[in-house]
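Visitor: I have a structure to go through. Could you walk me through it?
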Amino acid sequence: MERELRIMLIEDDLLDAAAARRLLRHNALDRDLVIAADGRQAVSILQNSAPADLPQLILLDINLPDTSGIELLKNIKKEDKFKDIPVVILTGSNEDKDIQKSYDLGAKSYLVKPISNEAFLLVLKTLFS
């Protein structure tokens with residue numbers, strides 16, 4: 001990736017958030033990173049962002065403490081202000097129902113943790129090339 005991306009990571013697990021941050025840092029994509037620890041915080045950040053400050057990519061875990069990532073994805077895609085932001089699911093779940101529901105609700109990709117650098121770069125290249 002040659003350009004800076006504003007990225008929002010929605011992840012409650014500190015170890016998983018650190019791993020995602022390392023992955024982003026490894027690819028020089030951590031300069032404009034916002035981390036939300038739960039759905040409520042993510043929605044607050046999104047709603048209080050000026051259009052120019054909205055993330056260009058959302059990395060979303062399915063298992064959040066206050067709401068499911070699936071429910072959060074549904075709400076993000078319903079809002080005109082956010083619906084065009086690509087959402088990539090980063091999760092430990094490889095259950096078919098979670099994968100299908102995520103795609104049905106508009107997720108652009110679904111990556112199961114741990115995520116390889118190659119898989120992550122392929123998703124970015126597909127989304128932003």
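Guide: Glycine 39 is buried, at 3% relative accessible area. Buried means under 20% relative accessible area, exposed over 50%, and partly exposed in between, with a 1.4 Å probe and protein chains only.

Visitor: What kind of model is this?
Guide: This is a predicted model: local features need pLDDT of at least 70, side-chain atom pairs count only at pLDDT 80 or more, and totals for chains, interfaces and linings use all residues. Residues are numbered from 1 along each chain as its sequence is written, and side-chain values use heavy atoms, with hydrogens and water left out.

Visitor: Back to glycine 39. Which helix is it in?
Guide: Helix H2, residues 39-47. Helices (H or I, at least four residues) and strands (E, at least two) are DSSP runs, numbered from the N terminus.

Visitor: What does glycine 39 touch beyond its sequence neighbours?
Guide: Leaving out residues within four places in sequence, glycine 39 contacts Leu64, Asp66, Thr67 and Leu72. Contact means heavy atoms within 4.5 Å.

Visitor: Switching to H1. Which of its residues are buried?
Guide: Ala17, Ala20, Leu23 and Leu24. Seen down the axis of H1, the buried residues fall within an arc of 120 degrees, so they line one face of the helix. The arc is that of the directions from the helix axis to the C-beta atoms.

Visitor: What covers them?
Guide: The cover over the buried residues of H1 includes E1, strand E2 (33-36), E3 and helix H5 (117-128). The face turned away carries the exposed residues Leu14, Leu15 and His26.

Visitor: Leucine 59 next. Buried or exposed?
Guide: Buried, at 1% relative accessibility. Leucine 59 sits in strand E3. Its contacts, not counting residues up to four places away in sequence, include Leu24, Val88 and Phe120.

Visitor: What about pockets? How much space is in the largest one?
Guide: About 190 Å³. On a 1 Å grid over the protein atoms alone, a pocket is an open set of points where a 1.4 Å probe fits, with protein on both sides within 12 Å along at least five of seven lines; lining residues have an atom within 4 Å of a point. The volume is the space filled by probe spheres set on the points, which are joined across faces, edges and corners.

Visitor: Which residues lie nearest its centre?
Guide: Asp16, Ala19, Ala20, Lys113 and Ile115, out of 16 lining residues. H1 gives the largest share of the lining, five residues.
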